[in-house]
2 protein chains.
Amino acid sequence: MNLINHKFELAARPVGVPKRSDWNYKQESVRNLADGELLVKILYISLDPAMRGWMNDSKSYVPPVAIGETMRALALGRVLASKNASFAVGDHVYGPLGVQEFAITNGGAIIKVDPRVAPLPVYLGVLGMPGMTAYFALLEVGKPQPGQTVVVSGAAGAVGSVVGQIAKIKDCRAVGIAGGAKKCQYIVKELGFDAAIDYKTEPVAKALQNHCPRGIDVYFDNVGGDILDAALTQLARGARVVICGAISQYNNTTPTKGPSNYLSLLVNRASMIGFLVSDYASRFAEAAREMAGWIASGKLKSREDIVEGLDKFPETLLKLFTGENFGKLILKLPES
Amino acid sequence: MNLINHKFELAARPVGVPKRSDWNYKQESVRNLADGELLVKILYISLDPAMRGWMNDSKSYVPPVAIGETMRALALGRVLASKNASFAVGDHVYGPLGVQEFAITNGGAIIKVDPRVAPLPVYLGVLGMPGMTAYFALLEVGKPQPGQTVVVSGAAGAVGSVVGQIAKIKDCRAVGIAGGAKKCQYIVKELGFDAAIDYKTEPVAKALQNHCPRGIDVYFDNVGGDILDAALTQLARGARVVICGAISQYNNTTPTKGPSNYLSLLVNRASMIGFLVSDYASRFAEAAREMAGWIASGKLKSREDIVEGLDKFPETLLKLFTGENFGKLILKLPES
């Protein structure tokens with residue numbers, strides 16, 4: 001085989017919203033495998049809000065992507081060749097394979113997935129990092145009790161849509177905040193949320209007051225900014241605010257907007273708790289089994305927003321920040 | 001007896017820093033007791049940051065002081081007359097008696113204190129609400145483990161000074177943030193803190209980095225604003241940020257400054273938890289016994305900043321917000 005790989009390398013630290021010129025689109029020959037390595041043909045690349053943070057040169061939970069390094073991304077592909085006893089040609093695998101057509105890896109942080117259990121894109125959404133995030137952050141950090149009210153922002157997104165559905169499975173009231181009538185209709189009519197708030201047309205604090213008459217017991221935040229502040233005004237006594245992300249702030253060129261209403265934590269004896277999914281890695285398989293069961297029984301639905309073509313990567317990533325995407329955002333690459 | 005009472009009634013909702021004209025200084029005859037009531041000659045009035053919040057007309061953990069109502073304050077006095085079987089003439093009592101010379105109460109929320117166990121002013125500080133706040137917020141919410149690093153802001157104040165000393169009793173490293181060389185010297189030399197940071201002359205984040213090489217495990221916040229933001233940059237994995245107050249923000253005429261660095265909670269899987277001392281009322285006696293033991297054995301020291309004269313109330317209260325007070329701020333009234 002004489003394979004040519006195309007990939008996006010980080011070229012510059014973005015200021016504000018990333019531009020195409022913040023990456024270099026490169027072409028290279030695929031090298032031979034060393035012992036222990038496998039070659040993966042990438043089929044689906046997961047586009048996630050966290051990718052924006054990885055582009056910054058700042059201390060965080062993982063090192064930043066270096067200038068000149070292949071852009072980091074979770075992806076799913078098929079093994080084309082293997083010198084690693086744990087992986088065979090034809091296996092489907094998922095892991096941090098990068099924004100490229102072919103990846104060579106030693107198998108670290110790579111797991112096998114079974115296309116007979118769920119369609120491949122679902123492994124990037126409900127059965128992938130977003131689903132694991134929703135599952136563990138809601139159940140282990142938010143700790144909702146039956147009858148309590150769970151509010152989630154980014155409710156039509158890859159994480160938020162699963163949060164609301166698990167809240168319903170756990171007999172909670174689920175209220176979602178999303179942008180636009182279509183997304184709001186979708187989470188109520190298709191996913192079974194009890195109510196939706198369109199932050200583009202409704203005053204969020206007032207709408208939360210209407211839809212959460214006994215206050216918010218668990219607020220699951222994916223967005224930060226003004227919506228987090230609105231939710232803080234409506235907390236119930238002892239509420240848990242799960243900080244999972246802050247997509248409204250990731251492209252800021254000014255300092256992050258801190259939550260002005262944080263003293264509501266004091267008044268309501270509430271807590272605001274940070275969450276990182278990687279802390280639960282040892283339990284992913286357990287959660288995936290339970291969620292696959294919910295999918296099979298129709299209790300948990302997934303929706304993917306699939307865009308075709310590796311070269312579409314820069315502009316497709318931006319759909320996350322404009323709120324244009326609807327469901328788990330995925331870049332699809334041709335089979336061969 | 002024909003007694004005349006002087007008192008401060010709330011006259012207006014303050015905008016920003018309270019002015020003398022936000023209260024009326026009034027004189028009235030002390031009325032006769034009804035059955036179940038007692039008359040208290042007030043000896044010491046506790047001046048606390050929370051009083052500023054009680055003056056605002058906003059929903060909080062207690063109703064605001066009404067316009068025309070006696071200004072709310074915790075105070076300590078001696079029973080002059082009693083038609084309540086639980087209290088005898090000569091008893092010393094502590095509770096929400098107000099900013100006045102004489103109080104009539106039905107005994108609700110009033111407890112007896114023993115001047116043989118500790119000097120009376122100590123019942124407003126270490127053995128009063130500030131001490132209870134320090135004890136329960138640190139031990140029950142902050143949950144410091146031996147060897148961990150506890151940082152407290154307002155470290156020379158009524159709450160902060162006790163937090164640092166209890167941290168030392170529990171074998172933690174205690175670092176205090178205070179304003180000015182005198183306060184910083186005091187908390188290290190007199191109270192046994194491991195280090196002090198003078199926020200008036202040192203960049204706080206950098207100083208915290210120096211004094212907390214393994215990060216902050218418990219940050220006990222009394223001040224909010226920039227100091228809270230600095231502490232958030234230095235959290236250890238799994239840190240607890242106890243939100244006990246935000247004195248830097250109480251006189252704001254603009255919205256409260258939210259903590260810009262709150263996403264440090266996510267990166268460090270940390271939590272920010274609100275605290276109200278009244279939730280622990282059923283355990284105050286237990287805590288007071290333990291703290292009285294620490295006082296007796298010299299492990300816990302107290303300092304009061306005592307100003308004489310009821311009419312000094314408005315300007316004395318402001319010492320809390322300028323940082324002028326040094327120790328528990330108390331207004332002393334004449335014995336008779």
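Biologist: What should I know before I start?

Modeller: The model is predicted, so local features need pLDDT of at least 70, side-chain atom pairs count only at pLDDT 80 or more, and totals for chains, interfaces and linings use all residues. Residues are numbered from 1 along each chain as its sequence is written, while chains are lettered from A and ligands numbered from 1 in the order in which they are written.

Biologist: How many residues of chain B are in contact with chain A?

Modeller: Two residues are in contact if their C-beta atoms, placed from the backbone, lie within 7 Å. By that rule, 25 residues of chain B are in contact with 25 residues of chain A.

Biologist: Which elements give two or more residues to the side of chain B that touches chain A?

Modeller: Elements are DSSP runs, numbered from the N terminus: helices are H or I with at least four residues, strands are E with at least two. On this side they are helix H7 (264–267) and strand S13 (271–274) of chain B. S13(B) gives the most, with 4 residues.

Biologist: How do the residues of that side of chain B divide?

Modeller: Ala, Val, Leu, Ile, Met, Phe, Trp, Tyr, Cys and Pro count as nonpolar; Asp, Glu, Lys and Arg as charged; the others, Gly among them, as polar. The division is 15 nonpolar, 7 polar and 3 charged.

Biologist: How many bridges join strand S13 of chain A to S13(B)?

Modeller: Two strands pair if DSSP finds at least two bridges between them. These two strands are joined by 3 bridges and run antiparallel. Ser271(A), for one, has Ile273(B) as its bridge partner.

Biologist: What is the order of the strands in the open sheet?

Modeller: The sheet has 12 strands: S10(A)-S9(A)-S8(A)-S11(A)-S12(A)-S13(A)-S13(B)-S12(B)-S11(B)-S8(B)-S9(B)-S10(B), with mixed pairing. S10 (195–198) of chain A and S10 (195–198) of chain B stand at the edges, each with a single partner strand, so one side of each has no neighbour in the sheet. Axes are lines fitted to C-alpha atoms, for helices over the stretch in contact, and angles run from 0 to 180 degrees between N-to-C directions. Neighbouring strands of this sheet are turned by 15 degrees against each other on average, direction ignored.

Biologist: Which strands does helix H2 of chain B touch?

Modeller: Helix H2 (residues 129–142) of chain B packs on the sheet and touches S8 (149–153), S11 (216–221), S12 (235–243) and S13 of chain B. Its direction makes about 145 degrees with that of S12(B). Helix H4 (residues 181–190) of chain B also packs on the sheet, touching S9 (173–178) and S10 of chain B. The direction of H4 makes about 170 degrees with that of S10(B).

Biologist: What does the domain assignment of chain A give?

Modeller: Domain bounds come from an automatic or database domain assignment. For chain A this gives domain 1 (4–124 + 303–332) and domain 2 (129–278). Their centres, taken over C-alpha atoms, are 28 Å apart. The contact takes 16 residues from domain 1 and 13 residues from domain 2.

Biologist: Is Leu127(A) buried or exposed?

Modeller: A residue is buried if 20 or more other C-beta atoms lie within 10 Å of its own, exposed if 12 or fewer, and partly exposed in between; C-beta atoms are placed from the backbone. Leu127(A) has 27 within 10 Å, so it is buried. Leu127(A) is found in the loop between strand S7 (111–113) and helix H2 (129–142) of chain A. Leaving aside neighbours within four places in sequence, its contacts include Ala118(A) and Met291(A).

Biologist: How does Ser60(B) count?

Modeller: Ser60(B) has 16 C-beta neighbours inside 10 Å, so it counts as partly exposed. Its place is in the loop between helix H1 (50–54) and strand S4 (75–82) of chain B. Not counting residues up to four places away in sequence, Ser60(B) touches Val267(A) and Gly53(B).
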